[in-house]
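Dear colleague,

I am handing over the structure below, and my notes on what was found in it follow directly after.

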Amino acid sequence: MSLQKKDFIFQDVNKLKGVGKQFTKYLKKKKIEKIKDIIFNLPYSETDRSKISKINEVEIGKIHSLRLMVKKLSFPRIRNLPNRINCEDHTGKIDIVYFNSREGYLRKIYPLNKWIIVSGKVSYFKSKLQITNPDYVTSLENQDYVIKNIPKYKLTKGLNEKKYRLISEQVTKNLPQVDDWLEESFVNSHGMLNWNNAIEKLHNSEDSKNNQSKSYRRLAFDEICANFITLSENRKRVKKIKKNKNFRKLIANNIIDSLSYKLTSDQIKVLNEVNFDLRSNKRMFRIIQGDVGSGKTIVSLLAIANVIESNYQCALMSPTEILSQQHFKLAKEIFDKENINIEFLSGKTEPKKKKKILEGLKNGEVNLLIGTHALFQKKINFRKLGFVVIDEQHKFGVKQRLDLADKGGSNCDVLLMSATPIPRTMMMSIYGDMDISKITEKPAFRKKIITLSKPEKKIDELWIYLKSQIKNKNQIFWVCPLIDESKILDYSSAKKKFDIVNKIFPGDVGLIHGALKKEEKDEILKNFLERKINILVSTTVIEVGIDFPNANLIVIENANKFGLSQLHQLRGRVGRGNKQATCILLYKESLSKNAIKRIKILKNHDDGFYIAEEDLKLRGFGDLSGFQQSGLKNFKFANPIIHNDLFKLAERYVKNIDHKINQNRYNFLLKLFDKAEIIHVQEV
Ligand code: ADP
Ligand code: MG
């Protein structure tokens, strides 16, 4: 294949015949800008024009292809009256009707007393059959162009089937024979087609509608690989050579000795993995995945202790003020006896104080900076930053992750933490650019949260229970139903609930919802944390991660509206201390089968990873909560549930390919899916 031909695929659409300025504009609206975008715009159905019907057999409202004799053309000069062409065949009469069409043009395509082919939707008007603005009109010689199944594409205003077909056929017919980036034997043995055949079939058969067809599987596999290769390239980019850190774990061991609990074996394992990275001469880019309450914070603080011992500064960032404050407090406690300088920085820090902190960072007096996004403002300069930890990171996308990794400079290791377990098959799609450490074990003494379900109409029985809980010094979360995507409706339901609960427990209730400002939210959470109020009514806005040691009851209304993972996350807000915690799922009377299943799974399981797998099976990956920004939305064709085997296959495949040898081929693949091409830089 010559380069010129291969380049055809990546040319702009206006290189095609018949695509002018206006057409280009319309195509752009459908995000079709390059010829490859036409290749990837698959038909969703077909229009059957394959049979020539007789007039006496047509069905009103259906598309028909007719062979007609042109009998008479009339062009009334009165405004609003259409041009009309009377036609017939041996079985009846039909009118073809045009609004705004030029007389000369119509006379040309409708020659009097000649047979022609007309294809379009048949209607009935004033007791006459007619076709208004037919899709196709052609001579008998050219009927093969029309009398067939014609692929149907999703189009926008300004683009009709006929117009779009002109270009899509130009593309599929002129497709250059591509030097396939996959070996033939591989393609055959995994039930796929080679690239050219796959594209050809997707546009000219029912294959595009069947996501398990050989051609569709091929496209899905390409897409998955393009994503995985990109992530693994990112990973190489981030994991550059750095100076290794030297420490003897002196501070860390002191801290471990002073803890009131023993680390779990998973915590020890993960800490060792992190320490190994710190001591190595490649930058760390690692994520700790661990269920809510599995004890990730202490692991990160122990790693921080090691980095400080090796004479580097550290930064610990989390998404909210209150969570950052909690980390700050904990760090102060555990580093109490060590000679370590810890500072807190957020958007709320006073300018005077901030100035002092910035100085301390610059001259190296501050060893550890804890705070919110404010940590990454431009004007903040560290003297010797060696380690950045980011908590609850699942909200960030791949791009932001890369930015964060770049912030610290060349000797800075990066550790992320996430409490949202994700199914095994999606691990690579979401975190393929990082090394992954998992904490699955929970601290030993922790009691399993008791999960109950109750129909909503018995809500009155709950008040007595709530009273007894408060008497026992337990605090309560009350999560209001998720009504739909609208924050306003969620708010109004939460407000109503607040009024009801506040009547029963006057002055003891707080309300949190999405429309509150961050500071207002933090204030209420603080009141709850300090036990100034005992009940917190909220929409689903509360961050996970905050430790509320006295919150031991959570009531979740309309629980059937939530997905499994989300319910598990919500439930994880309680039961962080050593008292028994309870979660009550309230539901409306008529539960779907699926909802019953979900409630059952929650009652019987508390392993977030298992629950995430089940969630994926029940709901599909589009709904996986909390990953809106992640790599998942990059998939247009592949679906982790339906193409589960392809995801696994791609993971193995990408691990074993040698990018250097096959660079050209992979670059073709990456370009197809709008990924940056691989440019190998000599490592220094
Ligand atoms: P998460 O992984 O959700 O961030 P945290 O780090 O906030 O969890 O830990 C939750 C609670 O568990 C904290 O109060 C912490 O002190 C406690 N904890 C952490 N590790 C252990 C352990 N090995 N044994 C007992 N309690 C622990
Ligand atoms: Mg946490």
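A backbone N or O atom of serine 294 lies 3.4 Å from an oxygen atom of ligand 1, a polar contact in the sense of a pair of N or O atoms within 3.5 Å. An oxygen atom of ligand 1 is also 3.0 Å from a polar backbone atom of glycine 295, and an oxygen atom of the ligand is 2.9 Å from an N or O atom in the side chain of aspartate 547. Taken alone, ligand 1 exposes 570 Å², of which the protein buries 87% (Shrake-Rupley method, 1.4 Å probe).

Please bear in mind that this is a predicted model, in which local features need pLDDT of at least 70 and side-chain atom pairs count only at pLDDT 80 or more, while totals for chains, interfaces and linings use all residues. Residues are numbered from 1 along each chain as its sequence is written, chains are lettered from A and ligands numbered from 1 in the order in which they are written, and side-chain values use heavy atoms, with hydrogens and water left out.

Around ligand 1 there are 17 residues, the closest being Gln267, Gly293, Lys296, Thr297 and Arg446 (a heavy atom within 4 Å). By class, this shell has 5 nonpolar, 6 polar and 6 charged residues, with Gly counted as polar.

As for the domains, the assignment gives domain 1 (51–147), domain 2 (250–439) and domain 3 (450–605). The C-alpha centres of domain 2 and domain 3 lie 30 Å apart, and their contact takes 15 residues from each (heavy atoms within 4.5 Å).

Best regards

Notes: A polar contact is a pair of N or O atoms within 3.5 Å; within protein, one must be able to donate a hydrogen and the other to accept it, and residues adjacent in sequence count only if both atoms are side-chain atoms. Domain bounds come from an automatic or database domain assignment.
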